Amino acid sequence: MGSLSIWHWLIVIVLAMLLFGGRGKLSSLMGDAAKGIKAFREGLKGEDEAKGPSDGVSSLPRTEAEKDDLKR
């Protein structure tokens, strides 16, 4: 039970061939993941720009006293 049988080694070899074999499959997967992360970040930036620049005024509901101060 402590040693690996031939089946264990065959499974490890097959997995290694799938990940590292032929035309850099692993590197292409990492490249696709990087493109996805970049697209996600650009999407977040787009949401921030769509909201517009902040002029320092909070969008939270104000109390009556704060509303009166703003009117003066």
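Is Ile 6 buried or exposed? With a relative accessibility of 57%, Ile 6 counts as exposed, because the cut-off for exposed is over 50%. The model discussed here is predicted. Its chain holds 72 residues, and buried residues make up 0% of them.

**Fold**
- The chain contains 3 helices and 0 strands.
- Along the sequence, the pattern reads α-α-α.
- Helix H1 covers residues 6–20, and Ile 6 is found in this helix.
- Helix H3 covers residues 64–71.

**Surface**
- About 7,100 Å² of the chain is accessible surface, and carbon and sulfur atoms account for 65% of that area.
- A nonpolar patch lies on the surface, formed by Leu 4, Ile 6, Trp 7, Trp 9, Leu 10, Val 12, Ile 13 and Met 17.
- Together, the residues of this patch have about 890 Å² of accessible area.
- Ile 6, exposed at 57% relative accessibility, is one of the patch residues.

**Confidence**
- The chain has a mean pLDDT of 77.
- A pLDDT of 70 or more is reached by 71% of the residues.
- Confidence in the chain is highest in helix H1, with a mean of 86.
- Confidence is lowest in helix H3, where the mean is 77.

Key. Residues numbered from 1 in each chain as written. Predicted model: local features only at pLDDT ≥ 70, side-chain atom pairs only at ≥ 80, totals over all residues. Heavy atoms only, no water. Patch = residues over 30% accessible without salt bridge, like charges linked within 9 Å, V, L, I, M, F, W, Y side chains within 5 Å. Areas by Shrake-Rupley, 256 points an atom, 1.4 Å probe, with all protein chains shown as cover. Salt bridge = Lys/Arg side-chain N within 4 Å of Asp/Glu carboxyl O. Helix = DSSP H or I, 4+ residues; strand = E, 2+ residues; numbered from the N terminus. Buried < 20%, exposed > 50% of the residue type's maximum accessible area, 1.4 Å probe, protein only. pLDDT = per-residue confidence, 0-100.
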